Amino acid sequence: MKLKLKLPNPGLEDRIHSHAELEKLEEVQAGDRLQWDNKAQYMLTCVGFCVGLGNVWRFPYLCQSHGG
């Protein structure tokens, strides 16, 4: 014997979208997003996030302080 508990939640059906509605909403929102111009721009951005601007600025200083 399996009992299923159903709690009343008025207006729930209006607030939760179906899977098809969510897919359509995602397609509409994805069309407005900016995209990378080319793969090089994407790769340079990824490297920039990984390395960080502070390390790029610090590298010439470290080279100079250790004799070139």
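By the ring criterion applied here (rings of Phe, Tyr and Trp, the last by its six-membered ring, pair if their centres lie within 6.5 Å, with planes under 30 degrees apart counted as stacked, over 60 as edge-to-face and the rest as tilted), the count comes to one aromatic pair. The partners are Trp-36 and Tyr-42, and because their ring centres are 5.6 Å apart and their planes stand at 65 degrees, the pair is edge-to-face. Trp-36 counts as partly exposed, with a relative accessibility of 46%, and Tyr-42 is likewise partly exposed, at 38%; in this scheme buried means under 20% relative accessible area, exposed over 50% and partly exposed in between, with a 1.4 Å probe and protein chains only.

This is a predicted model, in which local features need pLDDT of at least 70 and side-chain atom pairs count only at pLDDT 80 or more, while totals for chains, interfaces and linings use all residues. Residues are numbered from 1 along each chain as its sequence is written, and side-chain values use heavy atoms, with hydrogens and water left out.

The mean pLDDT of the protein (the predictor's confidence in each residue, from 0 to 100) is 84, and 99% of the residues reach 70 or more. Confidence is lowest in helix α1, residues 12–15, with a mean of 74, and highest in α3, with a mean of 90; helices here are DSSP runs of H or I with at least four residues, strands are runs of E with at least two, and both are numbered from the N terminus.

The cysteines come next. The structure holds zero disulfides, a disulfide being a pair of cysteine sulfur atoms within 2.5 Å. For Cys-46 the closest cysteine sulfur is that of Cys-50, and because the distance is 6.6 Å, the two are too far apart for a bond. Cys-46 is partly exposed, with a relative accessible area of 26%, whereas Cys-50 counts as exposed, at 69% relative accessibility.

On the surface, Val-47, Val-51, Leu-53, Val-56 and Trp-57 form a nonpolar patch with about 510 Å² of accessible area together. Such patches are made of residues with over 30% relative accessible area and no salt bridge, nonpolar side chains being joined within 5 Å and like charges within 9 Å. The elements that give two or more residues to the patch are α3 (39–51) and α4 (53–65), and α4 gives the most, with three residues. Val-51 has its place in helix α3 and counts as partly exposed, at 38% relative accessibility.

Notes. Areas by Shrake-Rupley, 256 points an atom, 1.4 Å probe, with all protein chains shown as cover. Salt bridge = Lys/Arg side-chain N within 4 Å of Asp/Glu carboxyl O.
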